[in-house]
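Here's a quick briefing on charged side chains that pair up in this protein. Have a look at the model first, then read on.

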Amino acid sequence: MYPFTPDVLGAIEDAVAAASRDGRGVVLLLETDSPVGRVGAPGPELLTGGFDEPGARGAFVAGEETYTDPDALIAALQERLGSDGAVLTLTDLDLGLPTINWSDYFLLRALPPLLRAHPLVVVATISSAGLDVGIVAELSETGLLQVLDPGAAPVADDAHEQLRRAFAPLGPEAEAKGYEVARQTLRIAALEGREFTVAALARVLDEDEDALSDLFDDHLVWDDEHPDAPLDELGFFQAPDRSLFRYRFRDAAFWRALHGDDASVRRAARRYVQALEDVYGPQAPEALFRVWTLLRLAGDDNGVPFYWPANGLATVEDRVRLLAAEAAAHEGPDAPRDPAALVAAARRILQNVGAVALDRETVLRYAQLVRDLIARGEEALPAERRGNAWSDAYQLLGVAALGHGWLGDRARCEAARRDLLDPLDRLALAHQTTTVAEALLEVLAAGDADTEAHLGLVVPWVDEALRDPARIEGLLNEADGMLAGVAADERSHTEAHVLHARAGLAFVAGKQDRALSLDRRALLLLRDEAEDTCGLQAAVRARLTEG
């Protein structure tokens, strides 16, 4: 059964034999063009299961067992493992939700110790969500991963002829009509994936849901009387407000033949996104992957990786566990060295550390680790992305510095971020220059602030400004000069920051009336902003209230 072609089956059997001989395991990774559902691999099965299961909300389902906690699955595997080779099948691993639990923590951090100690062969399939290249790089570096060649995807004999045969018993005229209706309908249904939801499809097509179900059940669902029918019934899935019926294309090649990507399909994909969110609910785990793939097909994904929506439901405990595992993995002589693995680890820390409340020493530990990982792995990044990576590292270091009261280091971090910017990006440069001025103003306002270089950052021009507060005014003048060539509607927010910083300078100098006047001007510039995303409005209003 696809995707386990004869070559793949042979590779699995060879891996089981090698694991039994060597006493250690391996992950066999197989990439497919769509989720495959639960498919068992050959060999002595330990557990066979998958993640794209109706109602499982991204958990691992094996037989009657559902595992929402990766540590619980590790414990179950430990109970079952013996001295003989065994196979664990993880179909659609990249659809395990949240991703930080299954791809990041389970596969990369919790499973390797088990593989080193036991002859366990893990057969994992992934589709278009994929795995971070850093995960593949790190597991490959340790010798625990083998990427299998799936071979050529099977080709449908002729999907359209098969569809015609499904209606042939009705006679020539009904056959032609039935074929055309089914072709148009299934062409859109294929956009959702090999499995599709009839209620959502009905909304996209503006058709009656019961009428579509009748079409499928009477002519397109396989049974002994309909050997050419392309669909299987999957049954009802319980969504929050109603039961939803799903069907599945029996043959991946048939589904692939109907799945298009022309302009009309892209328009339908946009409608399908809304339909899925309507019937499943916004951000429902059962629809996340389908919505993401449809957005990509429509060209509306804005480059957002599946990792972002897939971790929207991650708990604080999930993130803390992953962060601790990342820190532990990069200590000692066996720490990863592959540059792609190092950069990926830094990215995982950055994506999760801001979502949890940590004590200041732990934040500092992660910030310093991120800096070290990027320093050792930046060669894996394209040149145009290195600046962003370092900017993120300095931002986290700045947070750590602020937590310790190291205001001088906080200013150095913001200055280091400024020095990474494109000198032709006047708006970004003006905004970050103002941010540096604001950080220096905090030092000035504190009076006896700690300006020592605890983080080892050297930014000579900031050190000069720490000794000469007049430089703050100079920075704000620079920012004003940069904003002069920027359109008014684009510069207004940064201009408000400049005014608020000037108000702070006036306040420190004892010029309270000038400070209030500048803050009132800043508030006018912010009047059309519905959300106070950076806290500037609150800061301005607080000073006006105090004044």
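Arg321 and Asp318 sit three residues apart in helix α13 (residues 316-329), so about one helical turn separates them. Their side chains meet in a salt bridge (3.6 Å, N to O), meaning a side-chain nitrogen of Lys or Arg within 4 Å of a carboxyl oxygen of Asp or Glu. Keep in mind that this is a predicted model: local features need pLDDT of at least 70 and side-chain atom pairs pLDDT 80 or more, while totals for chains, interfaces and linings use all residues. Numbering runs from 1 along each chain as its sequence is written, and side-chain values use heavy atoms, with hydrogens and water left out.

- Asp318 counts as buried because its relative accessibility is 11% (buried is under 20% relative accessible area, exposed over 50%, partly exposed in between; 1.4 Å probe, protein chains only).
- Arg417 and Glu414 form a salt bridge, with their closest N and O atoms 3.5 Å apart.
- These two, Arg417 and Glu414, are three residues apart in helix α17 (residues 407-419), so they too are separated by about one helical turn. Helices here are DSSP runs (H or I, at least four residues), numbered from the N terminus.
- Arg417 and Glu414 are both buried.

**A link between helices**
- Glu478 pairs with Arg418 in a salt bridge, the closest N and O atoms being 3.2 Å apart.
- This one ties together distant parts of the chain: Glu478 is in helix α20 (residues 470-483) and Arg418 in helix α17, 60 residues apart.
- Glu478 is partly exposed because its relative accessibility is 35%, whereas Arg418, at 15%, counts as buried.

**The wider picture**
- The structure has 35 salt bridges.
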